[in-house]
Amino acid sequence: MFDYHMHSSFSADCSTPMEDTIESAIQKGLTEICFTEHVDYDYPDPTIQFALDTTMYDKKIKEMQEKYEGQISIKKGVEIGVQPHVLKQCEQLVNDHYFDFIICSLHAADRKNLHHGQFFENRTPELAYEMYYEELLDCIKNYDHYSVLGHLDLVKRYKKLDSERNFHEIIREIFRVIIPKGKGIEVNTSGFAYGLGSAMPSEDILTLYKKCGGEIITIGSDAHEPHHVAHNFKDTLQLLKSIGFQYVATFENKEPILHPINNII
Ligand SMILES: [Zn+2]
Ligand SMILES: [Zn+2]
């Protein structure tokens, strides 16, 4: 089993030492993990700077790989927060530094913060959802430097929708752009911890991804604390299998490696 979305003290919103997360992963029997520290350029909250010390990060990952060799495989990833006006900077970062795996996430839309709710001010939830997915579509039409899309329906975490709309028409468009380019999505199990009652994206979107021909999928807990490592993975793997997915992916030097789900559960 692999956890392909986790943070440590290299992320601005996390104070967990890498060792604690690694040891939790070993205890839980994982064979491979990938740290995906935050980089969010021009994040619309002046009180937090999502910058990454790339030199220290590289050094620490190498140290951890040596220290835990033979116990667990540790990969070096990054979670990039895209916005239409920072795509060049994102590209520069991943061109200048080695990463095994890159998650492309939308944490802000309309240059406003989702987490603290500014994005939802003065607009209906339905319009906010539509703008969120449209902005993600706009980004991935103009940006190719990533492995998977992170928590695709993150907008649900911050505001409940007051209509039945599922936005599948925009999300299908997103899949039509990313799948032919060999990009994937992740299933992010932190949705359970945040009370959504499902992973992100939800089952209907995972099913749509499969129907559109999507094969590359990673599974990640988005753990900011050691006890969240591999949270709800067994049920999530069962769900993926029931939808028809046969593989989960890991990455090395940005290349996907597919592992049969049947060998994991
Ligand atoms: Zn994220
Ligand atoms: Zn994350």
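Of the contacts in the chain with a separation of 6 or more, 74% are accounted for by residues 24 or more positions apart, contact being defined as heavy atoms within 4.5 Å. The structure is a predicted model, in which local features need pLDDT of at least 70, side-chain atom pairs count only at pLDDT 80 or more, and totals for chains, interfaces and linings use all residues. Residues are numbered from 1 along each chain as its sequence is written, chains are lettered from A and ligands numbered from 1 in the order in which they are written, and side-chain values use heavy atoms, with hydrogens and water left out.

The chain contains nine helices and 11 strands; helices (H or I, at least four residues) and strands (E, at least two) are DSSP runs, numbered from the N terminus. The radius of gyration is 17 Å, close to the 18 Å given by the globule rule for 265 residues, so the chain is as compact as a globular protein of that length. This radius is taken over C-alpha atoms, and the globule rule is 2.2 Å times the number of residues to the power 0.38. The C-alpha trace spans about 50 × 45 × 35 Å along its principal axes.

Donors are N, O and S atoms within 2.8 Å of the metal (3.2 Å for Na, K and Ca); water is not among the atoms, so sites may look incomplete. His107, in the loop between strand 4 (101-105) and strand 5 (108-109), and His151, in the loop between strand 7 (148-149) and helix 5 (155-158), are 44 residues apart and link distant parts of the chain. Both His107 and His151 are buried.

The zinc ion (ligand 2) has His5 (NE2), His7 (NE2), Glu79 (OE) and Asp222 (OD) as protein donors, at 2.1 to 2.3 Å. The four donor atoms subtend angles of 82 to 170° around this ion, which makes the arrangement irregular. Four donors count as tetrahedral if all angles lie between 85 and 135 degrees; four count as square planar and six as octahedral if opposite donors are over 155 degrees apart and all others between 65 and 115; anything else is irregular. Glu79 bridges the zinc ion (ligand 2) and the zinc ion (ligand 1), which lie 3.6 Å apart. Because Glu79 lies in strand 3 (residues 73-81) and Asp222 in the loop between strand 9 (217-220) and helix 9 (233-243), the pair ties together parts that are 143 residues apart in sequence. Glu79 and Asp222 are buried.

Strand 3 also holds Gly81, which is buried at 1% relative accessibility. Gly81 and His38 are 43 residues apart in sequence, with their C-alpha atoms 7.4 Å apart in space.

Ring pairs link Tyr129, Tyr132, Tyr133 and Phe167 into a cluster. Rings of Phe, Tyr and Trp (its six-membered ring) pair if their centres lie within 6.5 Å; planes under 30 degrees apart count as stacked, over 60 as edge-to-face and the rest as tilted. The count comes to 11 aromatic pairs. Tyr133 and Phe167 have ring centres 5.7 Å apart and planes at 35°, so the pair is tilted.

Key. Buried < 20%, exposed > 50% of the residue type's maximum accessible area, 1.4 Å probe, protein only.
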